[in-house]
Amino acid sequence: MTLNVTASADLYMMFSCTESPLQPLLFGVPDKYMILIVPVFAYWSLSLFFYALDEGGYLSKYKLHTPAEFLKRNRVSMRHVVQDVLIQHLFQTILGAVLAWQEPETYTGCESRNILAWALWLRHCFVRALPLMPFIRVDGTQLAKQLSITMPLVNSGTSLAPTKPEMLAASLIYWIVVPAFQYLLAIFFVDTWQYFIHRTMHTHPWLYRTFHVRHHRLYVPYAFGALYNHPLEGFLEDTVGSLLAFKIAGMSVRQGMWFFTFSTVKTVDDHSGFRLPWDPLQFITENNAFYHDIHHQSWGMKVWR
């Protein structure tokens with residue numbers, strides 16, 4: 001009871017397709033450049049949104065600190081914060097441009113063929129699992145009929161076109177399961193990367209005094225200061241960590257654009273100083289604006305000396 005691999009390969013090769021470059025998503029600008037622009041735009045536009053709320057006194061009941069605390073407790077001016085974040089974005093953009101230039105072109109047009117490959121793989125897995133089904137009291141023949149898989153495939157190895165259930169499952173894998181896994185893997189990697197670097201900055205006094213103390217000059221966090229770091233720390237923790245996550249997850253350039261943008265929005269939101277009850281980003285994890293506010297207090301820093 002084996003799948004005719006040669007026949008399946010022939011079926012796959014018979015499915016012809018023509019690839020063409022993926023058209024830009026926005027304004028005719030290639031995705032390899034939009035991946036640099038969109039996250040930076042998201043950072044400053046969302047920061048300006050929170051700044052407008054703050055300056056206009058809107059939703060003040062959801063602010064974690066008063067304007068008086070902002071002026072009295074922070075140890076660095078907003079001008080200096082903005083200046084340092086611009087420098088970090090400059091370094092980030094230069095490195096990203098160099099890497100983007102080397103990224104291969106993304107092509108489209110063969111998605112149906114790729115889905116067919118997944119369907120054939122599912123068929124192969126089903127056939128391989130048939131001998132094991134009696135051990136879990138499953139009638140493989142009956143299951144094959146329910147799935148509209150004709151039994152000559154199972155009994156003689158004849159390769160037939162995938163059924164509708166197989167193609168539907170393959171489409172779900174291709175369009176949803178695989179991208180979701182890539183995003184989750186990237187999030188897990190970058191979160192782990194940043195956690196251990198951040199923890200190291202707090203557990204080693206020299207590293208804290210030399211690098212990380214700059215970020216904690218903001219005892220009252222606000223959106224513009226989300227990436228206010230020492231340039232070396234920002235490069236290592238944010239830029240390198242995100243690029244490694246992008247590569248390890250095997251994302252396309254367009255996927256990377258959304259991943260970097262989401263990461264940027266989450267970071268700004270966490271440092272916004274607002275605890276908005278309808279903000280979904282405040283409820284994804286406990287690592288939110290309230291948590292960051294506690295961490296930025298002198299009694300919440302946990303510096304081991």
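A crossing of two helices is left-handed if the near helix is turned anticlockwise from the far one by less than a right angle, and right-handed if clockwise. With that rule, α8 passes α10 in a right-handed crossing. This is a predicted model, in which local features need pLDDT of at least 70, side-chain atom pairs count only at pLDDT 80 or more, and totals for chains, interfaces and linings use all residues. Residues are numbered from 1 along each chain as its sequence is written, and side-chain values use heavy atoms, with hydrogens and water left out.

Start with the whole chain. It has twelve helices and two strands. Along the sequence the order is α-β-α-α-α-β-α-α-α-α-α-α-α-α. Of the 305 residues, 39% are buried. Buried means under 20% relative accessible area, exposed over 50%, and partly exposed in between (1.4 Å probe, protein chains only). The chain exposes about 17500 Å², and carbon and sulfur atoms supply 67% of that area. Such areas come from the Shrake-Rupley method with a 1.4 Å probe; for residues, only the protein chains shown count as cover. A contact means heavy atoms within 4.5 Å. Among contacts between residues at least 6 apart in sequence, 75% join residues at least 24 apart.

Return to α8 (residues 164–203). Its partner α10 spans residues 231–248, and the two pack at about 155 degrees with their axes 8 Å apart. Axes are lines fitted to C-alpha atoms, for helices over the stretch in contact, and angles run from 0 to 180 degrees between N-to-C directions. Angles under 35 degrees count as roughly parallel, over 145 as roughly antiparallel, 65 to 115 as roughly perpendicular and the rest as oblique. The pair α8 and α10 is therefore roughly antiparallel. On the α8 side, the residues in contact include Leu185, Phe189, Trp193 and Met201; on the α10 side they include Leu236, Val240, Leu244 and Ile248. By class, this contact has twelve nonpolar, four polar and three charged residues. Here Ala, Val, Leu, Ile, Met, Phe, Trp, Tyr, Cys and Pro count as nonpolar, Asp, Glu, Lys and Arg as charged, and the others, Gly among them, as polar.

Ile173 also sits in α8. Ile173 counts as buried, at 15% relative accessibility. Leaving aside residues up to four places away in sequence, Ile173 touches Trp118, Leu122, Val178 and Pro179. Ile173 and Trp118 are 55 residues apart in sequence, yet their C-alpha atoms are 7.7 Å apart.

Now turn to α2 (residues 31–56) and α11 (residues 253–270), whose axes come within 9 Å and cross at roughly 20 degrees. That makes α2 roughly parallel to α11. Their crossing is right-handed. The contact involves, among others, Met34, Ile35, Val38 and Phe50 of α2, and Met257, Phe260, Val265 and Val268 of α11. By class, it has 13 nonpolar, four polar and four charged residues.

Next comes the loop between α2 and α3, where Leu59 lies. Leu59 is not a glycine, yet has a positive phi of about 55 degrees. Leu59 is partly exposed, with a relative accessible area of 31%. Lys61 is in the loop between α2 and α3 (67–73) too. Lys61 is exposed at 68%.

Definitions and conventions
Helices (H or I, at least four residues) and strands (E, at least two) are DSSP runs, numbered from the N terminus.
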